[in-house]
Amino acid sequence: MTPVLEADHLFRFFHAGDDETLALQGVSLALEAGEVVAVTGPSGSGKSTLLACLAGLDEPDGGAVRVDGERISRRPEEERARVRARRIGMLFQQANLVGHLSVADNITIAQKLAGGGENGAAWRAEVLERCGIAGRAHARPSQLSGGELARAGLAVALGNQPKVLLADEPTGELDEATARRVLDLLHAQAAGGAAVLIVTHSPEVAALAHREIRLRDGKVVDA
Ligand code: ADP
Ligand code: MG
């Protein structure tokens, strides 16, 4: 089976004056549809850099990323953005919402960017319901509590019905009940056929994943 998300020997270096940081040093991974994989590792081990390269937000200095069989690395920004809009849902700590638009309109934008729209209204209602934020669909982000914002962010991440979900510390700042709900929703998305990658410091989140990839100094630590 072709993996839904594949990274092949990713390298990423940062330069500042004479200093060179080797943020990623040959990271390879593959996720099948239906998998929930946790990425763990100490601060500075390259987790966020890896996620940015997988999402096509950053370009690796070496190696390749493929999403649903299509290469997203080493392509012009607009082509990366197109692959991302169609196939990837992102749940990052800074909420992924446009501030002056309602939760529902934020989802509509994600759907339009993905080129979808046929069943747009029905799917929008469904994700709002699933994420437990339907009652606040017409609120703007600034009007939401922290827990509501987390669920709204997830609803937007699911707006384009992504094959790949990338989450950076999705439960880090949430109360236990909201964290549980977000995690359940991420697992439900995998059960529905998505590949889900979760960067986390939480041993509980990692234990619930199907497997764990440990990073250290920009490399995958052998199990
Ligand atoms: P983690 O998310 O695991 O804490 P990061 O991927 O954020 O780690 O960072 C990995 C290493 O790369 C760190 O040493 C960090 O300081 C460095 N780094 C990350 N982004 C940049 C950047 N834009 N410029 C310079 N160094 C960076
Ligand atoms: Mg990080």
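Predicted model: local features only at pLDDT ≥ 70, side-chain atom pairs only at ≥ 80, totals over all residues.
Residues are numbered from 1 along each chain as its sequence is written, and chains are lettered from A and ligands numbered from 1 in the order in which they are written. Local features need pLDDT of at least 70, side-chain atom pairs count only at pLDDT 80 or more, and totals for chains, interfaces and linings use all residues, while side-chain values use heavy atoms, with hydrogens and water left out.

Confidence is expressed as pLDDT, the predictor's confidence in each residue, from 0 to 100. The protein has a mean pLDDT of 93, with 98% of its residues at 70 or more. Strand 3 (residues 36-40) has the highest confidence, at 98, and helix 5 (residues 146-157) the lowest, at a mean of 91. Helices (H or I, at least four residues) and strands (E, at least two) are DSSP runs, numbered from the N terminus.

Helix 2 (residues 77-87) contains the buried residues R80, V83, R84 and A85; buried means under 20% relative accessible area, exposed over 50%, and partly exposed in between (1.4 Å probe, protein chains only). These buried residues pack against strand 4 (62-67), strand 5 (70-71), strand 6 (88-91) and helix 3 (103-113). Within helix 2, R84 counts as buried because its relative accessibility is 12%. Neighbours within four places in sequence aside, R84 is in contact (heavy atoms within 4.5 Å) with A55, G56, L57, I72, E77, M90 and N160.

Helix 5 and helix 6 (residues 176-191) form a further pairing, their axes coming within 10 Å and crossing at roughly 10°. Axes are lines fitted to C-alpha atoms, for helices over the stretch in contact, and angles run from 0 to 180 degrees between N-to-C directions. Helix 5 is therefore roughly parallel to helix 6, as angles under 35 degrees count as roughly parallel, over 145 as roughly antiparallel, 65 to 115 as roughly perpendicular and the rest as oblique. On the helix 5 side, G147, A150, R151 and L154 meet T178, R181, V182, L185 and L186 of helix 6.

The whole structure holds one aromatic pair. The rings of F11 and F13 have centres 6.1 Å apart and planes at 55°, so the pair is tilted. Rings of Phe, Tyr and Trp (its six-membered ring) pair if their centres lie within 6.5 Å; planes under 30 degrees apart count as stacked, over 60 as edge-to-face and the rest as tilted. F11 is partly exposed, at 31% relative accessibility, and F13 is also partly exposed, at 28%.
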